Every structure is written in structure tokens, then in C-alpha cells.
Amino acid sequence: MKDVLEDFRVSEAPYWRETGDEITLFTAAWDARIPVMLKGPTGCGKTRFVEYMAWKLGRPLVTVACNEDMTASDLIGRYLLDANGTRWQDGPLTFAARHGAICYLDEVVEARQDTTVAIHPLTDDRRVLPLEKKGELLKAHDDFLIVISYNPGYQSLMKDLKQSTKQRFGAMDFTWPGPDVEAEIVAHEAGVDADTAQKLVEIGARSRNLKGHGLDEGVSTRMLIHAGRLIKGGIAPKAACSMALVHSITDDPDMRDALDAAVSTWF
Ligand code: ADP
């Protein structure tokens, strides 16, 4: 019989550079089946960490990138019409709960509130999912775990997770790794030498100091890796930084000048 989870298995070890006790904490949450919220800015490694943990724990991973048009049916499932009539199709959350996968809801706050409320019964002791349209009360598989990511920097009063949602999760804070570790990550992921990686990380640190002084968020590890990959591909470092770091993070001319100056200090 075909393994329905086959497509969701993480077969190769994703590269993860441990930065604290995150692996121990996540493993303990998994053992206790406590839902996990990964908090932190975009591009700091949350998604990579879940991929790594899914591999380490040997569990399949179902990832959903949440957006504001997403409805509860998109997560839970719906009836589809086909040549033979109507047929129920599990949504990704239902699929993961039924078969025992880790379900990662990326940027869950983007989804409408009625959608986030739909996960509540799965995140308390009941561990059930009512499929109202289908008339089924699905009991989650023992190996099901829900993980969400959340960027506290972006939240406004209009768009925030309800307290009643937040309190269902054990939370892990993610920030930028220390400079030496971040340089190691950039060198590994972009394939650049240690010296180049170190310089990129210095530029990243400068940009992060501008947070709140004209930048909503500093340059992320992901952006530093992009710059590194451009350099590795033969683009001159200044042009690479301009494209991957400066122009993508701000349209403000003064801010661009400030960032360009930081780039010129190092390259
Ligand atoms: P997020 O989900 O927080 O937006 P990602 O997981 O996509 O961010 O991280 C962006 C990139 O940063 C990853 O693809 C990975 O290359 C790198 N990265 C960040 N932190 C680490 C780490 N600790 N170990 C390995 N790679 C990392």
C-alpha cells in the first residue's frame, strides 16, 4: 500500500547550526505533545529548524504558508465535485492530524481569526478536530504535532493572535545568531569564504541597529545568504549587497545611503 506520508518525509538531514538548547526543548515538547510556537523575525531560521526537527524525530512535515485569504476550509478540507459525485478532500491540517505528521503553520497570524480558532480543539487535551461539514470528529493521531510561527515585530492591534490561541502553545524565541555562528551559517549556506561571510554579518549587524530608526526590521540571515550566493556567483560584493540587502529592505533614499555606507565600510 502506498505510504500517504511519503511525499512529506524529510529524507536528508537539513543543515542546522545549534545556537542554544532549541533541539532539547523542541524534543521535550514533542515527547509531551505540547504544541510549539516559534517566535522571531522573518528569515532567522524558524522554518529550517522545523525541517531539521522533523528529520531528527523521523516525522513527516506538512507545511502551510498562511495568508489572509485562507479560510478554515483551506486548512480543514472540503467536498469536491468529480465525475463520480462529491468526494471529501482533507485539508493539510486534517491530513496531518489523521496520519500523524508535524503540521507547521507558517505566519499563522496572517490567516483570518476564524481560521486560527479552528486549531483550538487540536491544541488542548482533547486533540480532536471537528469536521462539521463531514459530520466527523477526528481524533488526532498520537504522532501529530502542531507548530506555528509568529513574528512579534509585525503585529498590530488589528492583527494579532488571540490570547486564547497563544496560551495553547509552548513558545520558543528565535533571534539572530551571534556573529560568529551567523558567519558560519552564511559561509555554509552561500558557499563563500569565512572572511566574506564575516563582512556580510557585520553589515547585517549595522542594519539591525537601524531598526526602529527608519527600518522596520534589520537585514535577515536569509538576506545575508542571498548576498553571499550572488558573490559566489561572481557578482561584485557591493552590487550583490545592494541587490540582496539594501534595495530589498527599504525604498527610503536616506536609509539606502546609510546602508550603502555600511556596505562600503566592509567591501
Ligand atoms: P524563517 O522561517 O524564520 O523566516 P528560514 O528558516 O527560512 O527563516 O531561515 C532563512 C535561512 O537562514 C535558512 O534557509 C537557513 O539557510 C538559514 N539559517 C538561519 N539560522 C540557521 C541555523 N541556526 N542553522 C542553519 N541555517 C540557518
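**Helix α2 and beyond**

Author: Directly after α2 comes Gly58, whose phi is positive, near 70°. The model is a predicted one, in which local features need pLDDT of at least 70 and side-chain atom pairs count only at pLDDT 80 or more, whereas totals for chains, interfaces and linings use all residues. Residues are numbered from 1 along each chain as its sequence is written, and side-chain values use heavy atoms, with hydrogens and water left out.

Reader: How many residues does α2 have, and what does it reach from its first C-alpha to its last?

Author: Helix α2 covers residues 46–57, which is 12 residues, and reaches 16 Å between its first and last C-alpha, close to the 16 Å expected at 1.5 Å a residue; the expected span is 1.5 Å times one less than the number of residues. Helices here are DSSP runs of H or I with at least four residues, and strands are runs of E with at least two, numbered from the N terminus.

Reader: Which residues of α2 are buried, and what do they pack against?

Author: The buried ones are Lys46, Phe49, Val50, Tyr52, Met53 and Ala54, where buried means under 20% relative accessible area, exposed over 50% and partly exposed in between, using a 1.4 Å probe and protein chains only. They pack against α1, β1, β2 (61–65), β5 (102–106), β8 (145–150) and β9 (170–173), contact meaning heavy atoms within 4.5 Å.

Reader: Switching topic, how is the chain divided into domains?

Author: There is a domain 1 (6–173) and a domain 2 (179–265), with bounds that come from an automatic or database domain assignment. Their centres, taken over C-alpha atoms, are separated by 31 Å. The contact takes 10 residues from domain 1 and nine residues from domain 2.

Reader: And what area is buried between domain 1 and domain 2?

Author: About 840 Å², of which carbon and sulfur atoms give 49%; buried area is the accessible area (1.4 Å probe) that two parts lose on being put together, summed over both. On the domain 1 side, Tyr15, Arg17 and Gly43 lose the most area to domain 2, together 62% of what that side buries.

Reader: How many salt bridges are there between domain 1 and domain 2?

Author: The count is two salt bridges, each being a side-chain nitrogen of Lys or Arg within 4 Å of a carboxyl oxygen of Asp or Glu. Glu184 forms a salt bridge with Arg17, and the closest N and O atoms are 2.8 Å apart.

Reader: What about the whole structure, how many salt bridges does it hold?

Author: It holds 17 salt bridges. One to look at is that between Asp143 and Arg33, at 3.1 Å, N to O. Asp143 lies in the loop between β7 (136–139) and β8, and Arg33 in the loop between α1 and β1, so the pair ties together parts that are 110 residues apart in sequence.

Reader: Is Arg33 buried or partly exposed, and what is its phi?

Author: Arg33 is partly exposed, with a relative accessible area of 23%, and has a positive phi of about 55° although it is not a glycine. Arg127 has a positive phi too, near 45°, but counts as buried at 15% relative accessibility.

Reader: Which residues are linked in a network of salt bridges?

Author: Asp90, Arg98, Lys134 and Glu136 are.
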